[in-house]
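Keep the picture open while you read, and try to find each residue as it comes up.

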Amino acid sequence: MRVARAHGSIVLIGDRCTSCMICVRECPNWCIEIDSHQEVIGDPTSRRPRVGNVLDDFRIDWGLCMFCGICVDACPFEALAWRTDPILPADSALGLVHDMPMLADRSGPGGT
Amino acid sequence: MPGDASQIVRVEPEEWLATLGDALDAGLAMFDFLTAVDWPDRDQVEVVVHVLAPRVGRLEPPETQLGTRPQERGSHGAEQGEPGLNGSRLRGRRVHTMLSRQDLRLQSLTGLFRGALWHERETHEMFGVNFSGHPGLRPLLRGGPGTPPLLRTTPLAARLAVRWPGLADPADNPPPGVTRSPRPGSRAVPKVPGVHVQWEA
């Protein structure tokens, strides 16, 4: 029997994330890490090229996360959302650190 | 705390023992808890204790609870009840006192409430409060040296061992060829959550 959990885990919708770092800095448990860089957007020959953020990796350490949802609430771009799937156990602490592909996986039941 | 309608009393540390003696005389004989809160900005540690009137029997009206001395009933004013287990109202009283962080001493309540033995040991271990008259303030968990762990000025090792991930910023990795010269102070330095200022000193 499947037990519905409103707060099973958090999913990342990567193309909405702007690497603004708000979730990382709001997290009370320091469980989110973002790798990012900046790239030139538009005409690179312009006198003052525009620069935008590019997300390289997004990691949540589920061993530290207390499922408070502050990151979900704080994100101005709705790039983080609750999903009902629980986090599966891992055989090491490092296995609970999920990177961007794992966080973006919305294939399971309860996905958004 | 939700649903808590206990009478709240704030007293000076010198009045601590007498206040709780009065509560016991008023029938508040059930020791609920004793703990502390650190207020480093005020340079104070707050100690709080909660006592209740035991409810004996389901049908007993609240006026005839055991431990109440009839002649003293009412001398402490009307006390609001709080929800009990089966919808009844329990009388309770929460007593607070503020101690100077330089003088963390308080009289022990163990002569009045046996239940305070464990709680005062815990509060001594976690906040460094010395309860005079307690028969044995042995640590419950840690032992050994070190400042009391629940004082906010005690560094949390896990916070010192790890770099705060919020220090990273996309602007640290600008595109090649694009040199930006940010004005001094233009990028706000984010405040690190969960780290007390005194840890960094």
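## Where the chains meet

Between chain B and chain A there are 6 residue pairs in polar contact, with both residues at pLDDT 80 or more. A polar contact here is a pair of N or O atoms within 3.5 Å; within protein, one must be able to donate a hydrogen and the other to accept it, and residues adjacent in sequence count only if both atoms are side-chain atoms. Sorted by class, the side of chain B that touches chain A has 13 nonpolar, 2 polar and 4 charged residues. For the classes, Ala, Val, Leu, Ile, Met, Phe, Trp, Tyr, Cys and Pro count as nonpolar, Asp, Glu, Lys and Arg as charged, and the others, Gly among them, as polar.

Keep in mind that this is a predicted model: local features need pLDDT of at least 70, side-chain atom pairs count only at pLDDT 80 or more, and totals for chains, interfaces and linings use all residues. Residues are numbered from 1 along each chain as its sequence is written, chains are lettered from A and ligands numbered from 1 in the order in which they are written, and side-chain values use heavy atoms, leaving out hydrogens and water.

How many residues are in contact across the two chains? It's 19 from chain B and 20 from chain A, where contact means heavy atoms within 4.5 Å. Together the chains bury about 1500 Å², 61% of it on carbon and sulfur atoms; that is the accessible area (1.4 Å probe) that two parts lose on being put together, summed over both.

## Salt bridges

Chain B and chain A share 1 salt bridge, meaning a side-chain nitrogen of Lys or Arg within 4 Å of a carboxyl oxygen of Asp or Glu. The partners are A:Arg25 and B:Asp169, with their closest N and O atoms 3.1 Å apart.

Over all chains, the count is 7 salt bridges. In chain A, A:Glu33 pairs with A:Arg59 at 3.2 Å between the closest N and O atoms. That pair links strand β2 (residues 32-41) to strand β3 (residues 50-61), 26 residues apart; strands (E, at least two residues) and helices (H or I, at least four) are DSSP runs, numbered from the N terminus. In chain B, B:Arg101 and B:Asp38 come to 2.7 Å between their closest N and O atoms. B:Arg101 sits in the loop between β5 (89-100) and β6 and B:Asp38 in strand β2, so this pair ties together parts 63 residues apart in sequence. Both B:Arg101 and B:Asp38 are buried (under 20% relative accessible area; exposed is over 50%, partly exposed in between, with a 1.4 Å probe and protein chains only). Back in chain A, salt bridges that share partners join A:Glu33, A:Asp35, A:Asp57 and A:Arg59 into one network.

## Aromatic pairs

There are 2 aromatic pairs over all chains. Rings of Phe, Tyr and Trp (its six-membered ring) pair if their centres lie within 6.5 Å; planes under 30 degrees apart count as stacked, over 60 as edge-to-face and the rest as tilted. Why is the pair of A:Trp62 and A:Phe67 stacked? Because their planes are at 20°, with the ring centres 5.4 Å apart. A:Trp62 is buried at 7% relative accessible area, while A:Phe67 is partly exposed at 28%.

B:Phe31 and B:Phe113 form a tilted pair, 5.9 Å centre to centre with 45° between the planes. B:Phe31 is buried at 14% relative accessible area, and B:Phe113 is buried at 2%.
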